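Here are my notes on this one, as promised. Have the structure open while you go through them.

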Amino acid sequence: MGEKLEIISKAYLSLLRIAHVMAGFSIGEADILRRAVSKKNREELERQRERFVLGAQHKGYDPQIANEVYALIVRFADYGFPKSHAVAYSLISYQMAYLKAHYPVNFYAALLTNATGNTDKLVQILIEAKAKGITILPPSIQKSGRHFKVENGQIRYSLSAIKNVSQPFLKSLMEVRNERDTPFKDLFDLASSLSTAVFQQKAIEPLIKAGALDDFQLDRAVLLASIEAARKHVDFNVGKPKLAVTEPLSQQERLQYEKDVLGFYLSEHPLTKWRTTIQVSATTYNVNRQRDGQYVKMLGITSEIKQIRTKKGELMAFVELQDEYGSISATLFPKEFAAVQQQLELNLIAYVEGVLEFRFGKPQLKVKHMRMQAM
């Protein structure tokens with residue numbers, strides 16, 4: 001990026017210098033010409049022509065020479081800036097291709113950091129990185145930083161990419177962690193180190209749900225139920241701290257919590273085990289490569305259901321299906337909807353067969369057959 005800016009800056013500076021030295025433009029006046037060139041503003045370029053030629057004459061230049069130079073400036077407005085941008089972007093593309101080929105782990109860590117806050121982009125990059133054989137390590141209260149980072153040839157998940165974890169909290173966490181010689185021993189040690197002003201439910205809960213406190217070797221349900229006990233222990237420091245006693249999270253709850261705070265399932269997607277027994281012909285990752293009108297078989301989780309009535313008064317439904325890579329809208333017309341209406345609920349694994357239809361470039365599925373299974 002720096003070299004691109006340098007190339008473009010030199011083009012701008014050359015133009016400014018010509019206007020200043022040859023035509024006597026002030027830096028401010030030269031910048032007006034520069035803006036007209038960069039925006040290809042024909043009206044402004046024509047207005048500036050007379051000013052440029054007159055200024056060059058006062059500097060002792062022949063009017064014909066001045067007009068020829070100005071004609072080159074106008075020509076530069078048509079071709080120079082696109083060329084300078086093309087050269088700069090080509091250079092960046094070459095550099096990124098080199099980094100991706102020779103330093104893939106660092107490359108993808110940087111891409112993930114840049115995509116923080118954009119869940120769809122994060123998922124896309126994570127899928128590509130995993131396809132390259134790169135391991136994504138889960139978030140860790142002991143090891144993760146504000147950004148995705150390389151750790152022993154793997155990528156450690158960023159704490160900033162966990163929803164509702166604020167930057168002020170992360171700043172305090174990083175400061176405390178850097179001052180320590182040893183890792184946090186447990187939830188109570190973490191609370192004591194941070195103080196109750198920082199160790200608050202709204203900050204700690206998403207970290208637990210994302211798995212960042214799995215380092216403490218406790219079920220996430222226990223950690224969630226013990227947040228208030230840890231706060232009280234820090235405030236009153238009476239007796240030995242006690243963890244809450246509660247039922248462990250089910251696999252479905254654990255995965256749903258991950259999806260809530262990360263936007264996707266990081267540890268294991270509910271569909272993973274089903275793919276070993278059910279053959280499909282498409283996923284949301286490759287569905288765009290299928291042709292319009294193709295008959296496909298897909299797996300997904302029902303994340304949204306909308307029922308409507310046709311003009312004839314019959315019920316039909318639109319169902320949003322999510323898999324490991326994204327989502328697709330599935331349409332169930334009255335006949336197909338009637339066959340599954342009693343079983344259709346949210347958060348079920350659905351096997352669907354149907355015909356692909358691309359509307360405005362976006363794939364949709366006209367369902368011909370559907371069956372469901374609890375996660």
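The points below cover the pockets, one glutamate and the strands around that residue.

1. First, a caveat: this is a predicted model. Please read every value here as computed from that model.

2. Let's start with the largest pocket, which holds about 910 Å³ of space. It has 33 lining residues, and those closest to its centre are Val 123, Ile 127, Glu 324, Tyr 325 and Gly 326. By type, the lining splits into 12 nonpolar, 12 polar and 9 charged residues.

3. Which elements supply at least two residues each to that lining? They are helix H6 (119-131), strands E5 and E6, and strand E8 (362-374). H6 gives the largest share, with 8 residues.

4. Now for Glu 324, one of the residues closest to the centre of the largest pocket. Glu 324 sits in the loop that links strand E5 (315-322) to strand E6 (327-332). Is Glu 324 buried or exposed? Its relative accessibility is 18%, and the cut-off for buried is under 20%, so Glu 324 counts as buried.

5. What does Glu 324 touch, leaving aside residues up to four places away in sequence? The list is Val 123, Ile 127, His 269, Leu 271, Thr 272 and Arg 275. With Arg 275 there is also a polar contact between the side chains, at 2.8 Å. Val 123 and Ile 127 turn up again among the residues closest to the centre of the largest pocket.

6. One of the pairs to look at is Gln 322, whose bridge partner in E6 is Ser 327.

7. E5 also pairs with strand E4 (residues 295-309), again antiparallel, through 8 bridges. Here Ile 308 has Met 316 of E5 as its bridge partner. The E4 and E5 hairpin has 5 residues between the strands, and Gly 313 takes a positive phi near 85° there.

8. Last, the second largest pocket, with a volume of about 150 Å³. Its lining includes Lys 100, Phe 107, Tyr 108, Lys 121, Gln 124 and Glu 128. Helix H5 (104-114) and H6 are the elements that give two or more residues to this lining. H6 therefore deserves a look in both places, as it also supplies 8 residues to the lining of the largest pocket.

Key:
Residues are numbered from 1 along each chain as its sequence is written. This is a predicted model: local features need pLDDT of at least 70, side-chain atom pairs count only at pLDDT 80 or more; totals for chains, interfaces and linings use all residues. Side-chain values use heavy atoms; hydrogens and water are left out. Helices (H or I, at least four residues) and strands (E, at least two) are DSSP runs, numbered from the N terminus. Buried means under 20% relative accessible area, exposed over 50%, partly exposed in between (1.4 Å probe, protein chains only). A polar contact is a pair of N or O atoms within 3.5 Å; within protein, one must be able to donate a hydrogen and the other to accept it, and residues adjacent in sequence count only if both atoms are side-chain atoms. Contact means heavy atoms within 4.5 Å. On a 1 Å grid over the protein atoms alone, a cavity is a set of points where a 1.4 Å probe fits but cannot get out, and a pocket is an open set with protein on both sides within 12 Å along at least five of seven lines; lining residues have an atom within 4 Å of a point. Grid points are joined across faces, edges and corners, and a volume is the space filled by probe spheres set on the points. Ala, Val, Leu, Ile, Met, Phe, Trp, Tyr, Cys and Pro count as nonpolar, Asp, Glu, Lys and Arg as charged, and the others, Gly among them, as polar. Two strands pair if DSSP finds at least two bridges between them.
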